[in-house]
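Subject: Structure handover

Hello,

Here is the structure for you to pick up. My notes follow below it.

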Amino acid sequence: MSPRPRPTVRFDLIPPGSERRIAQIFERDALVFGPRDWESNVPLSAFVNMARDALNRLHARDTSDDWAARVSWCMLGYMHVEAKVRAGLLPAELADMPAPDPIFLAASAGVPALDEAPPVPPAPPALPSGK
């Protein structure tokens, strides 16, 4: 018997407890907005805004919702809508993210942004003493 091929997608690595918490967010929202309502009418920028809000609430230790799961829910929604827009299954207007910010891109590539001081070069080696 030949060995079984290794899977190319490792769903077994997703922590089941985390997956359950995200599913509970989907369930609660479906009761309020209807199942799958988010799939066809939420623009990408709204997912990012909701994720940032949830992350700020998590950071502030707000316990009114499962904010860590909410951040993940937002990113799953973002990826889903993004893929459907790319495939032509949703209107391009939902992909409403702003153009990339060149200052951020430069800073993330190791180039100081215009409002940052350039990196300080290392100090020269000490000269040997006269001994």
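Buried means under 20% relative accessible area, exposed means over 50%, and partly exposed lies in between (1.4 Å probe, protein chains only). This is a predicted model: local features need pLDDT of at least 70, side-chain atom pairs count only at pLDDT 80 or more, and totals for chains, interfaces and linings use all residues. Residues are numbered from 1 along each chain as its sequence is written, and side-chain values use heavy atoms, with hydrogens and water left out.

Overall fold

The protein chain has five helices and zero strands. These are DSSP runs, numbered from the N terminus (helices: H or I, at least four residues; strands: E, at least two). The pattern along the sequence is α-α-α-α-α. Of the 131 residues in the protein chain, 18% are buried. Take the contacts (heavy atoms within 4.5 Å) with a separation of 6 or more: residues 24 or more positions apart account for 66% of them.

Aromatic pairs

Rings of Phe, Tyr and Trp (its six-membered ring) pair if their centres lie within 6.5 Å; planes under 30 degrees apart are stacked, over 60 edge-to-face, the rest tilted. That rule gives five aromatic pairs. One is Phe-26 with Trp-38: the centres are 5.6 Å apart and the planes at 65°, so this pair is edge-to-face. It links distant parts of the chain, with Phe-26 in helix H1 (residues 16–33) and Trp-38 in helix H2 (residues 38–41), 12 residues apart. Phe-26 is partly exposed, because its relative accessibility is 26%. Trp-38, at 15%, is buried.

Phe-47 and Trp-73 also pair. Their ring centres are 5.9 Å apart and their planes at 50°, so the pair is tilted. Phe-47 belongs to helix H3 (residues 44–59) and Trp-73 to helix H4 (residues 67–86), so parts 26 residues apart in sequence are tied together. Both Phe-47 and Trp-73 are buried.

Phe-26, Trp-38, Phe-47 and Trp-73 form one aromatic cluster. Arg-70 lies over the face of Trp-73, 5.7 Å from the ring centre. The test for that is NZ of Lys or CZ of Arg within 6 Å of the ring centre and within 35 degrees of the ring normal.

Surface

The protein chain exposes about 10600 Å², and carbon and sulfur atoms supply 62% of that. Areas come from the Shrake-Rupley method with a 1.4 Å probe; for residues, only the protein chains shown count as cover. Phe-11 lies in the segment before H1. At 61% relative accessible area, Phe-11 is exposed.

Best regards
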